[in-house]
Amino acid sequence: MSQEIRVRFAPSPTGPFHIGGARSALFNWLLARKLGGKMVLRIEDTDRKRSTPESEENIKNALKWLGLDWDEGVDVGGPYGPYRQMERLDIYKKYTDQLLAEGKAYYCYCTPEELEEERQALLKDGKMPRYMGKCRSLTREQIEKYEAEGRKPSIRLRVPPNEKIVVHDLVRGDVEFDSNGIGDFVIVKSDGIPTYNYAVVIDDSLMHVTHVIRAEEHLSNTPRQLLVYDALGFEKPVFGHISLILGTDHTKMSKRHGATSLDAYRQKGYIPAGLNNFLALLGWAPSGEKEIFTMEEAIQEFSLDRVAKNPAVFDFKKLDWINGQHIRKMTAEDFWELAVPFMKEAGYMTGTEEGGQLEWLKKVVATAQNQVDYGAQIPEKVAMYFSDEFEFENEEAAAVLKEETAPMVMKALLEELKALPEVNRDTVKATFKKVQKANKLKGQQVYMPIRVTLTGNQHGPELAEMIPLFGLARTEKRILASLAKAGIQL
RNA sequence: GGCGCCAUGGUCAAGAGGUCAAGACGUCGCCCUCUCAAGGCGAAAUCAUGGGUUCAAUUCCCAUUGGCGCUGCCA
């Protein structure tokens with residue numbers, strides 16, 4: 001019980017960092033933080049064809065952005081490094097030599113073509129396609145013959161027959177497998193690089209990982225890994241296989257479901273607090289009814305026995321809602337930071353603004369905070385402040401100006417507004433009230449004509465908020481232009 | 001094909017033999033309000049099917065069906 005909890009996140013740097021990977025990392029991180037354990041970040045780069053340094057950078061940046069830090073691993077180091085598999089080849093070799101010497105593993109000279117042939121033959125007979133052990137007991141002569149042909153052997157693990165293999169899984173309970181269903185599998189490829197199922201065992205063991213929390217797709221691989229633990233005489237960790245994230249059509253989340261890379265969300269202006277909150281809720285449920293929480297609260301609440309077994313469909317709408325909730329909780333300054341790149345992209349600012357202009361921009365941006373779910377929606381919400389060119393949105397809007405009282409109301413309002421010592425939300429609001437009262441009108445009769453002449457729209461933010469942002473001069477200019485367009489004289 | 005995992009509203013889900021089967025997103029309605037959002041309130045909507053076990057099954061067991069994963073010298 002005194003043993004320290006050690007978890008790891010071990011991604012392959014073979015492409016954009018996936019939303020599913022982010023959730024695996026999050027669950028590991030939450031568990032480590034909850035139990036005061038350590039989180040290890042290991043890079044599984046043994047797929048030389050697909051692994052890239054850029055991808056590794058992308059993963060690390062994404063984790064940092066999400067706030068998922070690691071105690072040991074690439075970049076930060078630690079007592080059990082190196083933490084990149086391609087830098088650990090000599091370590092694997094030592095264990096491979098041991099297995100070979102003990103006869104627990106053997107060289108296999110079969111070519112990919114021969115293997116494929118065997119596979120097809122088995123399939124044709126309706127049998128399970130697995131390696132039948134052709135090279136299990138090669139004679140010295142055969143080996144020499146193959147070597148003379150220049151064949152490069154792979155190394156396979158000798159899988160014992162008729163063995164029950166039990167995976168102790170924290171989320172699924174004990175899962176039983178039969179070793180007869182597993183052929184002697186490759187542990188070292190012919191180029192000398194270990195395979196995933198082999199390297200992962202040596203690394204997890206040497207790095208003293210106590211809890212292997214990963215996606216469910218690895219559950220069926222776990223018996224193979226258990227076999228390696230046994231062959232090597234290593235102590236086994238406990239496992240926890242969390243369910244997969246599915247797209248709306250209930251198949252494994254992939255590119256065709258839209259955005260699957262974490263970067264895509266980051267670029268759209270989702271924020272870490274929202275994404276983490278949403279991801280935590282995918283496959284895990286807090287004990288209470290509170291669904292919006294901070295990372296600190298998630299750590300307090302997190303528990304592996306509240307992790308669901310069934311796969312979860314990724315609900316974009318709920319992500320939007322959750323992210324919106326977190327956006328509403330941001331400080332004005334943080335919201336401004338979030339908005340800047342989108343405002344620049346829309347051409348609404350350059351980033352060199354200062355003084356009154358900068359203050360004005362900040363006020364404009366602030367109006368969007370409770371209207372958007374993610375950053376990319378900000379420009380459209382403030383677009384009207386950046387152009388005085390607009391049309392009536394439809395006939396209905398234009399018709400508002402036909403109302404009998406409209407010209408009089410607008411004239412009165414403009415005069416009152418111009419007489420104001422200071423144009424701010426309160427004074428503007430008071431002015432509207434005053435005009436409404438003086439003429440015994442309904443609110444709509446006062447606000448709507450102004451709204452339409454000011455923006456061309458019947459909908460939008462509160463007028464008392466908009467008018468100070470436009471300023472008196474632009475307000476008047478826009479209104480007069482609209483009236484001219486509608487052929488109305490004040 | 002074989003092996004494995006999974007199965008509560010459209011979606012995320014709570015539930016642990018006896019519940020009017022929580023809550024959230026979304027949808028719809030109402031309130032607030034000049035309007036739209038935001039916010040508040042409310043409604044509709046679920047235990048895949050068939051067998052058992054039991055006085056009693058959404059809950060336990062089995063089968064079926066469906067979904068997904070693994071079955072790679074990918075991870």
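Reply: L26 is in contact with L68, N276, L279 and A280, leaving aside its neighbours within four places in sequence. Contact here is C-beta atoms, placed from the backbone, within 7 Å. This is a predicted model, in which local features need pLDDT of at least 70, side-chain atom pairs count only at pLDDT 80 or more, and totals for chains, interfaces and linings use all residues. Residues are numbered from 1 along each chain as its sequence is written, while chains are lettered from A and ligands numbered from 1 in the order in which they are written.

L26 belongs to the largest nonpolar core, of 92 residues. A22, L26, V365 and I378 touch the most other members. Such a core is a set of buried Ala, Val, Leu, Ile, Met, Phe, Trp, Tyr and Cys residues joined through C-beta atoms within 7 Å. Buried means 20 or more other C-beta atoms within 10 Å of the residue's own; exposed means 12 or fewer, and partly exposed lies in between, with C-beta atoms placed from the backbone. Helix 1 (residues 19-35) gives the most to this core, with nine residues. Helices (H or I, at least four residues) and strands (E, at least two) are DSSP runs, numbered from the N terminus. Another core lies apart from it, with 20 residues, among them V409, L454, L463 and M466. In soluble globular proteins, nonpolar side chains tend to be buried together.

Now the whole chain. Of the 490 residues of chain A, 34% count as buried. Chain A has 19 helices and 12 strands. Its radius of gyration is 32 Å, well over the 23 Å that the globule rule gives for 490 residues, so chain A is more spread out than a compact globule. That radius is taken over C-alpha atoms, and the rule is 2.2 Å times the number of residues to the power 0.38. The C-alpha trace spans about 105 × 50 × 40 Å along its principal axes.

Next, the RNA. 61 residues surround RNA strand B, and E44, Y196, N310, G443 and Y447 are the closest. Near means a C-beta atom, placed from the backbone, within 6 Å of the strand. Helix 18 supplies the largest share of this surface, five residues. Helix 18 spans 443-455, and helix 19 (463-486) is among the other elements that supply at least two residues. The surface divides into 23 nonpolar, 21 polar and 17 charged residues. Ala, Val, Leu, Ile, Met, Phe, Trp, Tyr, Cys and Pro count as nonpolar, Asp, Glu, Lys and Arg as charged, and the others, Gly among them, as polar.

Methods:
Two residues are in contact if their C-beta atoms, placed from the backbone, lie within 7 Å.
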